[in-house]
Amino acid sequence: MLVLRLLNVVAPAYFLCISLVTFVLQIFLFIPSMFRDPSTTSLFSPALLHGALFLFLSANALGNYVLVIQSSPEDLGKSLNLGEGAEVVADWLDGSRSPGSALPSTHFCRLCARVTQRHDHHCFFTGNCIGSKNMRNFIMFCLYTSLACLDSLVAGMAYISSALSMSFANPLAFLTLLPHSISQFFSGALLSSEMFVILMLYLWLGIGLACAGFCCHQMLLILRGQTRYQVRKGMVVRARPWRENLQEVFGKRWLLGLLIPVLNVGSDYCRQKEK
């Protein structure tokens with residue numbers, strides 16, 4: 001439990017540090033290097049277009065990240081008066097105190113010390129449980145994080161291509177870039193700043209692929225009307241049309257949430273919970 005609590009603190013700090021480093025590299029290194037292209041006009045220069053795109057992706061990723069933390073899943077233990085202690089709630093969920101009384105899709109998280117409905121998993125990078133109230137923002141966070149990493153990867157490759165006078169037309173060039181750069185760095189032929197950018201390229205690739213895969217996996221579960229917790233526990237869910245499953249998570253105003261980070265106020269499920 002101590003290791004999990006430590007991870008619950010280290011993972012958000014790691015994400016925020018990576019976000020800060022990415023922002024600094026984009027604003028002070030990648031985008032200024034794009035202004036040096038004399039073949040484009042100042043109004044439609046790649047620097048301005050790329051800068052606007054990066055700010056849009058970053059604002060959505062960080063905005064939904066904050067909303068995931070802010071919109072914590074409701075504590076059913078308090079609303080149902082199951083007991084003040086965490087152990088009482090845990091025993092209730094396990095069925096040892098009242099067999100068969102556990103509500104479906106509920107789970108007691110020892111890190112958050114609360115019972116949440118439609119529990120999916122505990123996200124260490126946000127330090128919060130993902131459930132019915134913040135699932136949409138979590139999906140948007142994963143989507144825009146993967147897109148921001150892809151955008152940074154492309155901008156970083158363009159910078160390295162210009163700085164080292166190399167081409168990435170051959171797919172093997174990217175695969176051999178790291179070992180070749182390490183040998184050049186220790187021989188003194190490569191600057192430390194350029195080596196740092198190259199390391200960030202592989203980090204952006206890994207984070208982007210992981211977030212994209214996680215986002216696709218979550219969308220597949222949502223279409224099926226399932227959560228990761230239900231799949232892990234082998235729970236049987238009631239079959240419903242996939243449109244209803246999507247509307248339960250994303251609400252009717254899904255397009256607004258796709259463009260800007262907002263709370264999921266258009267979901268019929270959320271309105272029913274408020275009543």
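A: Contact means heavy atoms within 4.5 Å. By that rule, and leaving aside neighbours within four places in sequence, Asp 151 is in contact with Gln 26, His 50, Leu 53, Phe 54 and Leu 57. This is a predicted model, so local features need pLDDT of at least 70 and side-chain atom pairs count only at pLDDT 80 or more, while totals for chains, interfaces and linings use all residues. Residues are numbered from 1 along each chain as its sequence is written, and side-chain values use heavy atoms, with hydrogens and water left out.

The part to follow is helix 5, where Asp 151 lies. Helices are DSSP runs of H or I with at least four residues, strands are E runs of at least two, and both are numbered from the N terminus. Is Asp 151 buried or exposed? It counts as buried because its relative accessible area is 8%. The cut-offs are under 20% for buried, over 50% for exposed and partly exposed in between (1.4 Å probe, protein chains only). Asp 151 also pairs up across the chain with Gly 208: the two are 57 residues apart in sequence, yet 9.6 Å apart in space, C-alpha to C-alpha.

Now the helix itself. Helix 5 has 29 residues, and its first and last C-alpha atoms are 42 Å apart. That is close to the expected 42 Å, the expected span being 1.5 Å times one less than the number of residues. Helix 8 has 33 residues and should span 48 Å, so its end-to-end C-alpha distance of 48 Å agrees.

Most residues other than glycine have a negative phi. Ser 165 sits in the loop between helix 5 and helix 6. Its relative accessibility is 68%, so Ser 165 counts as exposed. Just after helix 8, Gly 225 has a positive phi of about 75°.

Next, the packing. The largest nonpolar core has 24 residues. Such a core is a set of buried Ala, Val, Leu, Ile, Met, Phe, Trp, Tyr and Cys residues joined through side-chain atoms within 4.5 Å. The members that touch the most others are Leu 25, Phe 30, Ile 160, Phe 168, Val 197, Leu 201 and Trp 204. Helix 5 gives two or more residues to this core, as do helix 1, helix 6 and helix 8. Helix 8 gives the most, with 8 residues. Beyond its neighbours within four places in sequence, Leu 201 is in contact with Leu 153, Gly 156, Met 157, Ile 160, Phe 174 and Leu 177. Another core of 19 residues lies apart from the largest one, and Phe 15, Ile 139, Phe 141 and Ile 222 are among its members.

The largest pocket holds about 580 Å³. On a 1 Å grid over the protein atoms alone, a pocket is an open set of points with protein on both sides within 12 Å along at least five of seven lines, and lining residues have an atom within 4 Å of a point. Of its 28 lining residues, Phe 15, Phe 141, Thr 145, Ile 207 and Cys 211 are closest to the centre. Two or more lining residues come from each of helix 1, helix 2, strand 3, helix 5 and helix 8. By class, the lining has 21 nonpolar, 7 polar and no charged residues.

Helix 2, one of those lining elements, holds Leu 55. At 46% relative accessibility, Leu 55 counts as partly exposed.

Last, the whole chain. It has 12 helices and 4 strands. Of its 275 residues, 42% count as buried. Among contacts with a separation of 6 or more, 61% join residues 24 or more positions apart.

How values were computed: On a 1 Å grid over the protein atoms alone, a cavity is a set of points where a 1.4 Å probe fits but cannot get out, and a pocket is an open set with protein on both sides within 12 Å along at least five of seven lines; lining residues have an atom within 4 Å of a point. Grid points are joined across faces, edges and corners, and a volume is the space filled by probe spheres set on the points. Ala, Val, Leu, Ile, Met, Phe, Trp, Tyr, Cys and Pro count as nonpolar, Asp, Glu, Lys and Arg as charged, and the others, Gly among them, as polar.
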